[in-house]
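Please look through the chain below with its secondary structure in view. The report that follows takes up a few of its helices and strands in turn.

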Amino acid sequence: METSNIKVGADITVLREREVDYDSDTPRKITEVLVRKVPDNQQFLDLRVAVLGNVDSGKSTLLGVLTQGELDNGRGRARLNLFRHLHEIQSGRTSSISFEILGFNSKGEVVNYSDSRTAEEICESSSKMITFIDLAGHHKYLHTTIFGLTSYCPDCALLLVSANTGIAGTTREHLGLALALKVPFFIVVSKVDLCAKTTVERTVRQLERVLKQPGCHKVPMLVTSEDDAVTAAQQFAQSPNVTPIFTLSSVSGESLDLLKVFLNILPPLTNSKEQEELMQQLTEFQVDEIYTVPEVGTVVGGTLSSGICREGDQLVVGPTDDGCFLELRVCSIQRNRSACRVLRAGQAATLALGDFDRALLRKGMVMVSPEMNPTICSVFEAEIVLLFHATTFRRGFQVTVHVGNVRQTAVVEKIHAKDKLRTGEKAVVRFRFLKHPEYLKVGAKLLFREGVTKGIGHVTDVQAIAAGEAQANMGF
């Protein structure tokens, strides 16, 4: 049964039905329905999903199958449309971050490229958009994966595990990153067509054991039917501890529809009240990507973390190497590859800046309202936990620090109340950026690494410096 209600401008789709015992001869049913608004003025539901997993687990192939609407041939044909570089096509391995979109219309049907649709057409006919952030699985691209998780603010993560190899390679590391950054995740066990049923069951049991460990505290939920998929979507949204597990094949298409049902029903994980409050604040846009587009000029991609951004807005971007902020104008906005007039807090988009000099921009900058008077720093303090270190972590040690879209080498200037740190210990540490000042906020999540050394924490204090003072503070 499907029906449309013209008055509320929404479509109603039956999710599941149950017969109930009732004191009458005529059978009675109880029905669960999905009511979804028909999109107007580009206000579709938007969900960002980071895709994690070990190299060769089939991440790009799964995304190719979902977004292109055709099954894989078993040799990676489905992923070819996703690769951005020649060396990725030649090696079959993702080294950069790519974005793929999957649309659902108001009736819950998949809208993808299989009917020769363009990205713009998918956006126009979808009432819900899933943006997949395809991250690299290989260990040497770990810095790119961390940047994708910290900077692109995903609502949740999909951890892909190959049924025939189980938890191998960077899988544990990616699982640890999702836990450290408090990104809720669900698991997809792929390549079930390659293995015996017992092998798939062994991989699922292995995952369940890891998820139940004290460090994870997750509640695994194996999805084997459409009914499970509906329940999993509801429980995953209500509790970040519930971890749905899907077992599927990108070649045979087995159980692929269960993942689609889950993604279709999964509601936005951020509540509207929080977004309303963020929209009241001044405009702040994180710069994650920088491009030059012919006949358009300089274009920046990123996420609006607060406020509202409109075409024609005058903003300032920075900090530059000497700590300054430069004026610019937003010429046009694109969201999910289609034109957009207004950008709201929490949404990702690309902004065209006209003839603004690309050389003045870098990843890690912010574009803010001129009245914000943003504070920048080269020295900051953070409360950290050292997750792993081979020897002792002490003053003078250099690490790569990730805070949101900021990624830079910093040196440890001081460890409060201690001389050194060992694995598992906590402390407040003072860091100094080596290259240039950055825009940081107190309370921001922090992740640092150097070789096998890894740690997490949050920023507790920033030593603000005024524009122009930066070079003196950096020791230039």
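Which residue just after H4 takes a positive phi? Cys-153 does, with a phi of about 45°.

**Basis of the report**

This is a predicted model, in which local features need pLDDT of at least 70 and side-chain atom pairs count only at pLDDT 80 or more, while totals for chains, interfaces and linings use all residues. Residues are numbered from 1 along each chain as its sequence is written, and side-chain values use heavy atoms, with hydrogens and water left out.

**Helix H4**

Helices (H or I, at least four residues) and strands (E, at least two) are DSSP runs, numbered from the N terminus. In H4 (residues 142-151), nine of the 10 residues are buried, so the helix is largely enclosed by the rest of the structure; buried means under 20% relative accessible area with a 1.4 Å probe, protein chains only. Among the buried residues are Leu-142, Ile-146, Phe-147 and Leu-149, together with Gly-148 and Ser-151.

**Helices H1 and H8**

H1 (residues 59-68) packs against H8 (residues 256-265) at an angle of about 75°, their axes lying 12 Å apart. That makes H1 roughly perpendicular to H8, a term for angles of 65 to 115 degrees. Leu-62, Val-65 and Leu-66 of H1 make the contact with Leu-256, Leu-259 and Lys-260 of H8, where contact means heavy atoms within 4.5 Å.

**Strands around S20**

S20 (residues 348-352) runs antiparallel to S13 (residues 297-306), joined by five bridges, and Gly-302 stands opposite Ala-349 in S20. S20 also pairs with S17 (residues 332-335) in the antiparallel sense over three bridges, pairing being assigned if DSSP finds at least two bridges between two strands; here Ile-333 stands opposite Leu-351 in S20.

Notes
Axes fitted to C-alpha atoms, helices over the stretch in contact; angles between N-to-C directions. Parallel < 35°, antiparallel > 145°, perpendicular 65-115°, else oblique. Buried < 20%, exposed > 50% of the residue type's maximum accessible area, 1.4 Å probe, protein only.
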